[in-house]
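Here is a short briefing for a reader new to this structure. Take a look at the sequence and the model, then read on.

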Amino acid sequence: MYNVLKEDTSLVGPRPLHVRYIKRYTPEQARRLEIRPGIPGWAQVSGRYALSWEERFEMDVWYVDHKSLFVDIRILLHTLLKVFQ
């Protein structure tokens with residue numbers, strides 16, 4: 001939360017990956033870098049480790065294209081449901 005308050009990260013967004021992986025991104029996958037990383041992201045609430053890397057990147061790019069208050073609230077609600085399950 002400290003990084004969210006410092007505005008280094010966002011409350012919701014693609015999970016950050018180590019910078020050493022950036023050179024392996026395709027141009028489409030690199031689009032996930034257009035927004036700040038977040039704590040929960042669309043890929044995390046949609047399957048997390050059950051998803052392949054390609055599926056995670058696709059979901060991250062989908063989030064970049066569809067980022068809105070409604071989507072952020074939906075992700076936060078899914079996150080809360082997972083925590084309380």
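A salt bridge is a side-chain nitrogen of Lys or Arg within 4 Å of a carboxyl oxygen of Asp or Glu. By this rule the protein has six salt bridges. This is a predicted model: local features need pLDDT of at least 70, side-chain atom pairs count only at pLDDT 80 or more, and totals for chains, interfaces and linings use all residues. Residues are numbered from 1 along each chain as its sequence is written, and side-chain values use heavy atoms, with hydrogens and water left out.

**Overall fold**

- Along its principal axes, the C-alpha trace spans about 35 × 30 × 20 Å.
- Of contacts (heavy atoms within 4.5 Å) between residues at least 6 apart in sequence, 64% join residues at least 24 apart.
- Buried residues make up 31% of the 85 residues. Buried means under 20% relative accessible area, exposed means over 50%, and partly exposed lies in between (1.4 Å probe, protein chains only).

**Salt bridges**

- The side chains of R32 and D60 meet in a salt bridge at 2.8 Å, N to O.
- This pair links distant parts of the chain: R32 sits in the loop between helix 1 and helix 2, D60 in helix 3 (residues 53–66), and they are 28 residues apart.
- R32 is buried at 6% relative accessible area, and D60 is buried at 5%.
- Salt bridges that share partners join E28, R31, E34 and D65 into one network.
- R31 is partly exposed, at 21%.
- K6 and D8 also form a salt bridge, at 3.0 Å, N to O. K6 is partly exposed at 41%, and D8 is partly exposed at 41%.

**Nonpolar core and patch**

- The largest nonpolar core has six residues: V12, W42, V45, Y63, V71 and I75. A core is a set of buried Ala, Val, Leu, Ile, Met, Phe, Trp, Tyr and Cys residues joined through side-chain atoms within 4.5 Å.
- Helix 2 and helix 4 each supply at least two residues of this core.
- W42 touches M59, W62, Y63, R74 and I75, leaving aside residues up to four places away in sequence.
- On the surface, L69, I73, L77, L80, V83 and F84 form a nonpolar patch, with about 680 Å² of accessible area together. Patches take residues with over 30% relative accessible area and no salt bridge; nonpolar side chains (Val, Leu, Ile, Met, Phe, Trp, Tyr) are joined within 5 Å, like charges within 9 Å. Accessible areas come from the Shrake-Rupley method with a 1.4 Å probe; for residues, only the protein chains shown count as cover.
- F84 lies in helix 4 (residues 69–84) and is exposed, at 71%.

- M1 comes before helix 1 and is exposed, at 63%.
- E7 is in the loop between helix 1 (2–5) and helix 2 (42–45). Its phi is near 65 degrees, a positive value in a residue other than glycine.
- T9 is found in the loop between helix 1 and helix 2. T9 is buried, at 17%.

Definitions and conventions. Helix = DSSP H or I, 4+ residues; strand = E, 2+ residues; numbered from the N terminus.
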